[in-house]
Amino acid sequence: MQLTTTKKSGATTQECPDMGKLIILTGPSGVGKGTLMRALLQRHPELHYSVSATTRSPRQGETNGKEYYFVSRREFEQLVAAGELLEWAEFAGNYYGTPKEAVVNQVLSGKRVVLEIELKGARQIRASYPSALSIFILPPSLSELEKRIRGRAQDSEEAIARRMHRAQEEIRAADEFDIQIVNDDFETALNSIEAAIFG
Ligand code: ADP
Ligand code: 5GP
């Protein structure tokens, strides 16, 4: 499994924040982060999307190395132990984490790098890199959020319940982040994210 890109000599994660190009996109599962992210990347192919590692099983249509690096728990724990993750968290029974080296190299090469991550990881990044731009995506309502999770038809009843429980906890933390955007009308939300990133 190849998680990283070529290492630049002397590259450290501490150089990331000074470049001011690290962007966190967070918000509850099902709010539309992935869909917004894909649309944003289509409009701005110059952005770098950080592909995370996860112990979750691939959903239908997901490919290793594209949506995620799908790894075993043991492999994930090895990445953590080796210090290869910029942040990581457990979410709804699985581990998720951001491979460090690829992010550092992309930021050092002058790219804006977007991390699409859940609350605990977003907090870790904010604590380590206060100059990262953090964007919290809110649903128009909890019932609409549940509708979107169900509409995706990719989670079991148990997983939906876990995600909804967690969503309420996450939404309470929205104010911790630099910018809050409600994903009601998709185009409006996308334009707001674009404006936040490109000013
Ligand atoms: P997340 O990545 O936050 O878990 P997804 O991007 O998978 O969420 O979106 C969950 C579902 O909500 C998808 O079926 C997506 O098409 C739908 N969705 C996203 N944005 C909107 C929107 N503004 N209005 C209605 N449905 C949306
Ligand atoms: P899903 O299983 O729906 O793809 O993702 C579940 C949650 O994990 C989402 O909120 C997503 O943003 C988050 N997530 C994805 N990758 C990472 C990561 O690398 N780190 C953290 N902390 N969360 C992640």
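Thirteen is the number to begin with: 13 residues surround ligand 1, and the closest are Gly30, Gly34, Thr35, Arg152 and Asn183. A residue is counted here if one of its heavy atoms lies within 4 Å of the ligand. Please bear in mind that this is a predicted model, in which local features need pLDDT of at least 70 and side-chain atom pairs count only at pLDDT 80 or more, while totals for chains, interfaces and linings use all residues. Residues are numbered from 1 along each chain as its sequence is written, chains are lettered from A and ligands numbered from 1 in the order in which they are written, and side-chain values use heavy atoms, with hydrogens and water left out.

What classes of residue make up the shell around ligand 1? By class, there are three nonpolar, six polar and four charged residues. In this scheme Ala, Val, Leu, Ile, Met, Phe, Trp, Tyr, Cys and Pro are nonpolar, Asp, Glu, Lys and Arg are charged, and the others, Gly among them, are polar.

Let us turn to the polar contacts, that is, pairs of N or O atoms within 3.5 Å; within protein, one atom must be able to donate a hydrogen and the other to accept it, and residues adjacent in sequence count only if both atoms are side-chain atoms. An oxygen atom of ligand 1 lies 2.8 Å from a polar backbone atom of Gly34. For Val31, a backbone N or O atom is 3.3 Å from an oxygen atom of ligand 1. On the nitrogen side, a polar backbone atom of Asp184 is 2.9 Å from a nitrogen atom of ligand 1. On its own, ligand 1 has 570 Å² of accessible area, and the protein covers 74% of this. Such areas come from the Shrake-Rupley method with a 1.4 Å probe; for residues, only the protein chains shown count as cover.

Which elements give two or more residues to this shell? They are helix 2 (33–43) and helix 6 (142–152). Helix 2 gives the most, with three residues. Helices (H or I, at least four residues) and strands (E, at least two) are DSSP runs, numbered from the N terminus.

Now to the protein chain as a whole, which has eight helices and nine strands. Of its 199 residues, 47% count as buried, meaning under 20% relative accessible area with a 1.4 Å probe and protein chains only.

Five strands form an open sheet with parallel pairing, in the order 2-7-1-8-9. Its edge strands, strand 2 (48–49) and strand 9 (179–182), each pair on one side only. Two strands pair if DSSP finds at least two bridges between them. Strand 8 (residues 133–138) is joined to strand 9 in the parallel sense over four bridges, and Phe136 has Gln180 in strand 9 as its bridge partner.

Where does strand 6 stand? Six of the six residues of strand 6 (residues 94–99) are buried, so this strand is largely enclosed by the rest of the structure. Strand 6 pairs in the antiparallel sense with strand 5 (residues 85–91) over six bridges, and with strand 3 (residues 52–54) over two bridges. Opposite Thr98 in strand 6 stands Glu87, and opposite Gly97 stands Ala53. Strands 5 and 6 form a hairpin with two residues between them, and Ala92 in the turn has a positive phi of about 45°.

Finally, helix 4 (residues 100–108) has several buried residues, including Ala102, Val103 and Val104. Gly110, which follows helix 4, has a positive phi, near 95°.

Definitions and conventions. Buried means under 20% relative accessible area, exposed over 50%, partly exposed in between (1.4 Å probe, protein chains only).
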